[in-house]
Amino acid sequence: MTEASGAWTDTTGGIRSRPLRLLRRILFSEYLVLYFTLFYIAAIWPFVPEIVSPTNLEDVFLQVLPLFIAAIGLMLVLMVAQIDLSATSIMAMACVVGASIMSEQGGYLAGSALAPLAAIAAFIAIGLAIGALNGVCTAYFGMPSFLVTLTTMMFFSGAAIWYTATHTDSGSSIGALPASFVEIGYGGIFGVPYAAIVTVVIAVGAHLALSRSLFGRWLFAVGINPRAAAISGVPVKPVIVGTFVLSGFLSSIAAIIYTGRLEAGTPILGQRILLDIIGAAVIGGVSLFGGSGKVSGVFFGVLFLSVVDNGLQLLGLSLSAVYAIKGAVILFAAVTDALRHRVLEKG
Amino acid sequence: MIMNRRQFSKTSLAAAAVTAMPGLARAEAPKTIALMFDAFDSDFWITGNSILKAKAKENGWNTLETISNRDQNKQNDQVKAMVERKVDGIIFIPTDNNAAIPAIRTANNANVPIIFFNRPPAANSNKYVAIQADNRKIMQITVTSLIDIAKKQGGKYKACLLMGDLGDNNAVQRRDGALDILDQNKDIVELVARVATEWNADKTFAGLTNAIQAHPDVNLLISPSDSEDAIIEQVLKSAGKWHKTGEEGHVLFSGFDGDQNGYNLLSTKYMDVNGVQNLFFEVDLAYGAFKDIWAGKQPQQMLIDPGFAISQATLEAKRDDMWGYHVWKEKNK
């Protein structure tokens with residue numbers, strides 16, 4: 001390469017200026033979504049300087065945590081070229097069953113010191129059970145995961161509403177949750193929120209599983225080519241079941257945090273965030289066709305969505321404007337990422 | 001520089017006035033109110049939002065709006081965003097009365113007054129004000145007026161009671177108000193059908209159709225909300241029971257809310273009575289509560305809109321208080 005007036009010419013004779021090289025480096029960086037987030041903050045800051053206030057940043061960070069956990073679960077399912085539409089219904093069902101156990105007004109273990117623990121066990125058991133149901137139907141009965149999880153989403157959404165109506169006079173939610181459980185939502189230890197501790201453990205565990213474990217390698221193999229994986233000795237069906245079970249488990253953990261924050265078991269918990277979960281994973285680089293995904297990418301996707309949402313909330317815009325702007329911003333990010341991958345694949 | 005005493009005094013006063021000006025400017029800065037809705041799924045809320053904005057403007061206040069799309073978790077996060085924007089007050093319409101309690105705590109911690117509009121929270125020990133229509137009382141007045149008309153006409157009646165989503169406290173109160181009066185008038189009115197509509201158009205249609213098929217002689221109908229009037233009209237037309245007052249086969253019909261459909265049906269004599277939530281009064285109550293709180297006074301925690309019933313006979317006299325009439329008037333200019 002030779003330099004001429006600040007521009008570099010490569011061996012083919014093409015000129016690459018420093019700004020272009022910087023732009024290229026940014027566009028093809030694995031931190032592109034993070035750069036989008038920072039750019040968005042910079043763009044909106046003149047209108048709502050509160051977006052960078054310490055309290056607002058703390059609020060955004062806390063909002064990110066349960067969504068990130070649920071998105072990791074979905075990432076695992078997407079990596080094996082499947083989808084889980086029932087994530088939010090798992091949250092709702094787990095939430096109302098858990099609340100019915102520990103509620104201090106008529107709960108099955110009302111007043112007992114074991115109530116929160118029993119409720120948490122119930123949350124997790126429901127997540128695992130529904131996840132297993134989804135996995136078995138998909139892997140062993142050969143049903144499309146879209147259909148399976150769509151029907152379990154509908155069934156358990158309805159079941160959650162029915163369950164709530166039979167366990168409360170108001171019919172809309174189950175309140176009076178014990179203070180010790182509610183602490184999980186926003187409480188912490190030595191200034192570190194419990195939700196953050198749980199999230200970090202899950203994120204690190206997922207990252208290590210994907211990058212260092214046999215299960216992680218199986219996930220990639222099944223996602224890229226399930227037939228080749230089967231021929232190579234990968235237990236494809238148990239792997240697929242495993243991802244759905246993990247997705248269900250992680251949805252139930254997210255539900256625990258959300259329920260602690262709402263201080264009530266509500267059958268419409270998470271009803272509106274399914275697209276946020278899927279969107280965060282896709283923006284974070286998880287392929288809908290399977291075979292690729294990174295925990296850090298999902299984190300950047302969740303952060304981006306949460307910051308966009310926060311900015312629009314601070315602006316106090318009408319709902320139509322919020323949807324339009326959010327959709328446009330996410331579409332821009334997703335299209336840029338897709339084009340980038342296409343260029344990278346072409347080399 | 002040498003100053004005499006007079007010059008020093010004048011200079012000090014001028015300096016004090018200049019330093020006090022930012023404080024005065026802050027004190028005169030307009031108030032900002034956050035209008036935080038969960039959804040705009042009926043004319044009641046759309047009109048409520050318009051009235052809230054219009055009256056805020058009359059008071060010289062600015063408004064910020066948020067909608068949570070029925071996501072209580074998102075709405076609780078939106079409260080934090082509005083606190084961050086340093087609003088002076090919050091008008092709050094929650095999705096879930098239990099799960100809204102954390103939002104009250106957020107507002108309390110920031111010393112921002114929070115007023116629940118038309119949907120009070122579940123019982124809790126935090127500081128808030130709730131504006132609520134006495135749905136049970138309004139429905140009692142409405143059904144009493146309807147039965148008075150029935151008594152004047154004479155004869156026996158078979159009633160069908162439509163109920164809203166029983167997860168909504170307003171729907172529960174309206175059902176109870178209707179049953180209170182029906183129970184007192186069993187000699188004239190027999191309740192033959194109860195339809196759980198869950199505020200859903202398809203369920204309203206299916207439920208009412210089934211009820212009329214099972215009881216074709218239903219001649220008194222109580223609706224929990226004017227948002228269901230169009231569906232009721234469809235079903236009654238299909239059953240050959242959609243007649244005006246005075247015509248053979250007219251079904252005594254009461255509505256609730258006081259929206260433009262309700263006004264239209266009253267004025268065209270298909271509906272007999274409507275129970276009206278006085279939206280204008282509720283907004284005045286809310287903004288009056290803000291003014292009291294800002295002045296250091298604590299208003300009552302529950303401020304009640306007693307509402308009223310409006311019938312064909314009282315339509316001209318009372319329609320100016322009916323919010324739906326103003327919407328109808330605007331659309332039919």
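Chain B splits into domain 1 (28–127) and domain 2 (135–277), with the bounds coming from an automatic or database domain assignment. This is a predicted model, so to speak of local features a pLDDT of at least 70 is needed, side-chain atom pairs count only at pLDDT 80 or more, and totals for chains, interfaces and linings use all residues. Residues are numbered from 1 along each chain as its sequence is written, while chains are lettered from A and ligands numbered from 1 in the order in which they are written.

The centres of the two domains of chain B, taken over C-alpha atoms, sit 32 Å apart. Where they meet, 4 residues of domain 1 are in contact with 5 residues of domain 2 (contact: C-beta atoms, placed from the backbone, within 7 Å). The domain 1 side of this meeting has 1 nonpolar, 2 polar and 1 charged residue; here Ala, Val, Leu, Ile, Met, Phe, Trp, Tyr, Cys and Pro count as nonpolar, Asp, Glu, Lys and Arg as charged, and the others, Gly among them, as polar.

Axes are lines fitted to C-alpha atoms, for helices over the stretch in contact, with angles from 0 to 180 degrees between N-to-C directions; helices are DSSP runs (H or I, at least four residues), numbered from the N terminus.

Beyond its neighbours within four places in sequence, Ile115(B) contacts residues including Ile90(B), Val129(B) and Phe290(B).

Between the chains, the contact takes 27 residues from chain A and 27 residues from chain B. On the chain A side, the largest share, 4 residues, comes from α3(A), and the residues divide into 7 nonpolar, 15 polar and 5 charged.

Val241(A) lies in helix α11 of chain A. This valine counts as buried because 21 other C-beta atoms lie within 10 Å (buried: 20 or more; exposed: 12 or fewer; partly exposed: in between; C-beta atoms placed from the backbone). Val241(A) touches Ala132(A), Gly135(A), Val136(A) and Ala139(A), leaving out residues up to four places away in sequence.

Notes:
Contact = placed C-beta atoms within 7 Å. Helix = DSSP H or I, 4+ residues; strand = E, 2+ residues; numbered from the N terminus.
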